Amino acid sequence: MPDVAEFFRYFIRDYKEIAVEKNIILVGYMGSGKTSVSKALEKISGLTFLDTDEEIVKRAGKSINAIFAEDGEEAFRGMETALLQELIETGWKGILSTGGGMPVRPENRSLLKKVGTVVYLKTSPEAICKRLEGDTTRPLLAGLADHEEKLAKIRSMLELREPYYVEAADMTVQTDGLAPKEIAEKIVEAF
Ligand code: S3P
């Protein structure tokens with residue numbers, strides 16, 4: 001009988017070797033699962049993950065909603081770019097979960113590539129809408145209580161952003177119907 005524990009250890013070791021060599025950057029629309037996939041990746045790679053939204057909130061000392069309301073979206077976008085520049089300058093290593101609008105700025109798309117290998121989590125508008133039901137933390141989808149209205153907004157934003165996600169990415173993973181762990185495994189296998 002094969003030694004199952006040894007077999008398992010071998011794979012974990014392999015995953016670590018593969019993931020440690022390159023940083024993994026996740027891009028995709030709000031609700032595409034970037035944070036939960038990052039957490040799953042953290043478990044199988046041994047690398048730690050950084051969430052750009054969380055880091056910006058920590059540094060600004062206020063929520064994303066408050067940054068948008070008090071300082072404006074452009075100020076937030078400036079914070080995103082500055083953070084990417086800092087990660088490059090300091091030689092940061094790990095898994096990076098980015099805000100859904102990060103690849104929209106051309107400058108950010110080239111900065112992202114300098115940080116690491118970029119993975120686009122491609123999710124359907126329907127799945128996104130379902131996941132973001134009742135969410136109040138995304139200022140760009142605020143005030144859209146009605147399901148159809150929200151779905152239409154997600155569809156039109158996704159249509160505009162899709163080319164940017166594709167351009168920023170080195171690989172695309174279709175996420176509909178997959179659990180974060182399954183998505184993380186697909187990513188690691190492709191590295
Ligand atoms: C945004 C996505 C959010 C956050 C901000 C703007 C966007 O991040 O950065 O609300 O423009 O799509 P998540 O994708 O993590 O929700």
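Helix 2 and helix 9 lie oblique to each other, because their axes cross at roughly 60 degrees. Those axes come within 8 Å, and the crossing is right-handed. On the side of helix 2, the contact is made by S36, V37, A40, L41 and I44. Helix 9 brings P180, K181, I183, A184, E185, I187 and V188 to the contact. Please keep in mind that this is a predicted model.

**The whole protein**

Stepping back, you will find nine helices and five strands. Read from the N terminus, the elements run α-β-α-β-α-α-α-β-α-β-α-α-β-α. The protein has 191 residues, and 45% of them count as buried. Among contacts with a separation of 6 or more, 75% are made by residues 24 or more positions apart.

**A look at helix 2**

Helix 2 covers residues 34–45, which is 12 residues. From its first C-alpha to its last it reaches 16 Å, close to the 16 Å expected at 1.5 Å a residue. Which residues of helix 2 are buried? They are K34, V37, S38, A40, L41, I44 and S45. Seen down the axis of helix 2, these buried residues fall within an arc of 165 degrees, so they line one face of the helix. Just after helix 2 comes G46, which takes a positive phi of about 80 degrees.

Two packed helices are described by the angle between their axes and the distance between the axes.

| Helix pair | Angle between axes | Distance between axes |
|---|---|---|
| Helix 2 and helix 9 | roughly 60 degrees | within 8 Å |
| Helix 5 and helix 6 | roughly 25 degrees | within 9 Å |
| Helix 3 and helix 5 | about 105 degrees | 10 Å |

At an angle of about 105 degrees, helix 3 (residues 52–60) is roughly perpendicular to helix 5. The contact is made by T52, D53, E55, I56 and R59 of helix 3 together with F76, M79, E80, L83 and E86 of helix 5.

Helix 5 (residues 73–89) also meets helix 6 (residues 106–115). These two helices are roughly parallel to each other, and their crossing is left-handed. Here T81, L84, Q85 and I88 of helix 5 touch E107, N108, L111, L112, K114 and V115 of helix 6.

**The two sides of helix 6**

In helix 6, the buried residues are N108, R109, L111, L112 and V115. Seen down the axis of helix 6, they fall within an arc of 170 degrees, so they line one face of the helix. What do the buried residues of helix 6 pack against? Their partners are strand 1 (24–27), helix 5, strand 3 (95–97), strand 4 (117–122) and helix 8 (147–168). On the other side of helix 6, P106 and K114 are exposed.

**A buried loop residue**

Finally, find T175 in the loop between strand 5 (171–174) and helix 9 (180–190). Is T175 buried or exposed? T175 is buried, because its relative accessible area is 0%. Leaving aside neighbours within four places in sequence, T175 is in contact with S32, L121, K122, T123, R131 and I183. One of these, I183, also belongs to the helix 9 side of the contact with helix 2, which brings us back to where we began.

Conventions: Residues numbered from 1 in each chain as written. Predicted model: local features only at pLDDT ≥ 70, side-chain atom pairs only at ≥ 80, totals over all residues. Heavy atoms only, no water. Helix = DSSP H or I, 4+ residues; strand = E, 2+ residues; numbered from the N terminus. Expected span 1.5 Å × (residues − 1). Buried < 20%, exposed > 50% of the residue type's maximum accessible area, 1.4 Å probe, protein only. Arc of directions from axis to C-beta. Axes fitted to C-alpha atoms, helices over the stretch in contact; angles between N-to-C directions. Parallel < 35°, antiparallel > 145°, perpendicular 65-115°, else oblique. Left-handed = near helix turned anticlockwise from the far one by under 90°. Contact = heavy atoms within 4.5 Å.
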